[in-house]
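The tour below goes from selection to selection and says what to look for at each stop.

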Amino acid sequence: MGTLALAAIVFSATAVVVRQGQAVLITRFGRPLRAATQPGLHWKLPWPIDRTLLLDMRRRVYETGQAEMLTRDKKNIIARTFVVWRIGDPLTFIQAIGTEGGAEGKLDGLLTNAAIGTLGGHDLSALVSTNPSDLQMDQIESELLASTAPLALRSYGVEVEQIRLDRLALPAENVTAVFEQMRAERRQFAAKYQAEGEQAASKIHSEAELEAARIRAKGLEEEARIRGESAAQVAKTYADAHRIDPELYRFTRSLDSLDKLVTRNTSLILRTDSEPFSLLQSKDKK
Amino acid sequence: MRRLGPPSEIARLAAPLARLLDGAWERMHWWVAAMAVLYAVSGITIVKPDEVAVVLRWGRLLGETPALQRHGPGLLFALPRPVDEVVRVQVRHVWEVPVSTLAPAMTFNDMYIEEGVNTLDPLTQGYALTGDQNIVQADMVARYRVRDPAEWAFYGPKAEEVLRVEVTAAMVRSLGEMGVDRVLSDGRKSLIAMATRRAQAGLDAAHSGLELSSLELTKLAPPAALAADFDAVQSAFIKAQTLQNDAQAFAQSAIPQAQARADAAVQAARGAADSALAVAQGDAEAFRALDREYRANPAVVRERLYRDAVDKAIGSAGTVQWVPPPVGGSYHGFRISIAPGLAGPRPTPDSMSPSPETGSERGEGDSP
């Protein structure tokens, strides 16, 4: 029982449990001795000879401040980057930075400088463009990584894994110009839509009118054809009949003409000795 | 003996403590044994239905592959602390994080944003540039869950932090590839798809162990100062559509109308033709009948026809004037005046007015 208790005391003084995602820096009399980066059980001499310093080895995100910079085509832009980083070399990290919180200040300067340098080598169209062949974001991000990662690891023991641009903006005074440009573009669009709409509408309108006119013309043509055929048919019918006796026809036609000539507006002046008055006259004289 | 001195010295010094422990053991060994058993089984635990657990033995992740590392819901046999540590992760739960980095800042002062404000301060106002260098503002909500518990717990950065930056970067980049008109209309879906894909790639590269289950654009609009200009385009577009629709409506009524009118006219012509033919046939038939009659009795028929016609003419004439036959074969001083504006010729005012129906015995022409 006693030996068990003794063993527990000795174990707790000499065992170092390195948890997954952590590293432990073992210092001997304050001097960094080694870093236990592999998770599991490690050993040290008991306090006060060896001491331990716990380090969080998980990845972290750091976002730089927004900085104004110039692109190769002399456009002012405001950019911000973020990094995903972790402690790559605990020994160097502790020696160069000391505390975990101190890393961000060092990274900020490093990243801002890298961003200014890298973006200065590209046109704005490499960042924003509707033409896919202009865009060079992947290249820019890998350039940023290449220009910072080796330095960060060597100088600060910081392993930079990912750098990306998460802000692209314009200085306030340039925004006004962009607004003006956007307004002009909107006005253009509005005018274009209006013109196109009117044109399309009038095209539809005139096409419809043309079609209607064509239909009307076809109708008139049909109508005329029917009338013509009818007239011919009527004429033939009459001719067939009248051919039997042209003399009678002439006679009945004259009588019809007489009928047509005399209307309510006609004044007939007849001699009293003509038919039928002559009958009366002769009767009177009798 | 001398050599063995120091250990026996220690033993002698420790003897009272050993005796104390032995005495305690004598009296309480059942208790101690029970405690020891309880301690030994204290590592056994239950993993809840929505959880996945991983086990750390002496701080080291147990299991060679991710599949072996994960322990699903149920009973989990682990050793007691400090040997084993069970880390539980909720893998089914979908977390939600608003991403407002590209959205307009809503501070107290901004509630009074008026049309006249003609700029945006990049330090306080979130926005992004589109591929055609227009400015748009976006507000997003990202939903995510833990896909790889071990990675999330031991390697990855803090979930909300990494999500915010990865989603923002993905959206900035995706917006930067598209024109503003595509972004604000039919390109929205592909914008979201593209940004989601990029954000997920970033999350994977950051060993976050997270899965972006959805990315929602709660707002995507041009800056408030330009809203009116964008609306004007919209209304111009709608107006153009209306114009075209009106024209279509006109076409849809004008063409059938013309067709109907043409059809009606053709039908009328056909009707007229039919009736004209019928009349002609009737007339022809009548003529043939008359002709048969005429051939039988020419003189009588001719006389009857003539008299019928004369009667009819006299009956339908407005005025009939009878004049005596001229003396000596010709008239002298016979005059007919026609008064203008009156229906039909009238006798001259200086002559006697005849009675219209019966006719006067003397025509006015009879005056010397």
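**A hairpin in chain A**

Begin by selecting strand S7 (residues 67-70) and strand S8 (residues 76-87) of chain A, which run antiparallel and are joined by four bridges. Helices (H or I, at least four residues) and strands (E, at least two) are DSSP runs, numbered from the N terminus, and two strands pair if DSSP finds at least two bridges between them. Within this pair, Glu68(A) has Ile78(A) in S8(A) as its bridge partner. The two strands form a hairpin with five residues between them, and in the turn Lys74(A) has a positive phi of about 60 degrees.

Before moving on, note that this is a predicted model, in which local features need pLDDT of at least 70 and side-chain atom pairs count only at pLDDT 80 or more, while totals for chains, interfaces and linings use all residues. Residues are numbered from 1 along each chain as its sequence is written, and chains are lettered from A and ligands numbered from 1 in the order in which they are written.

**Chain A as a whole**

Now select chain A, which has seven helices and ten strands. Of its 286 residues, 29% are buried; a residue is buried if 20 or more other C-beta atoms lie within 10 Å of its own, exposed if 12 or fewer, and partly exposed in between, with C-beta atoms placed from the backbone. Two residues are in contact if their C-beta atoms, again placed from the backbone, lie within 7 Å. Among the contacts in chain A with a separation of 6 or more, 66% are between residues 24 or more positions apart.

Still in chain A, turn to the open sheet of three strands with the order S3-S2-S5 and antiparallel pairing. Its edge strands, each pairing on one side only, are S3 (31-36) and S5 (50-56). Neighbouring strands of this sheet are turned by 25 degrees against each other on average, direction ignored.

Two bridges join strand S2 (residues 51-57) of chain B to the antiparallel S3(B), and Leu56(B) has Leu61(B) as its bridge partner in S3(B).

**Leu163(B) and its helix**

Next, centre the view on Leu163(B), which lies in helix H4 (residues 159-175) of chain B. Is this residue buried or exposed? Leu163(B) counts as buried, because it has 26 C-beta neighbours inside 10 Å. Leaving aside neighbours within four places in sequence, Leu163(B) is in contact with Val97(B), Ala142(B), Tyr144(B) and Leu210(B). Pro98(B) is 65 residues from Leu163(B) in sequence and 9.7 Å away in space, C-alpha to C-alpha.

Axes are lines fitted to C-alpha atoms, for helices over the stretch in contact, and angles run from 0 to 180 degrees between N-to-C directions.

**Where the chains meet**

Finally, show both chains together: the contact takes 98 residues from chain A and 105 residues from chain B. On the chain B side, helix H7 (residues 227-296) gives the largest share, 37 residues.

Select helix H6 (residues 246-261) of chain A with helix H8 (residues 298-316) of chain B, whose axes come within 9 Å and cross at roughly 10 degrees, so H6(A) is roughly parallel to H8(B). Among the residues making this contact are Phe251(A) and Leu255(A) of H6(A), with Leu305(B) and Tyr306(B) of H8(B).

End at strand S10 (residues 267-271) of chain A and strand S10 (residues 319-323) of chain B, which pair in the parallel sense over five bridges. Arg271(A) has Val323(B) as its bridge partner in S10(B).

Definitions and conventions: Angles under 35 degrees count as roughly parallel, over 145 as roughly antiparallel, 65 to 115 as roughly perpendicular and the rest as oblique.
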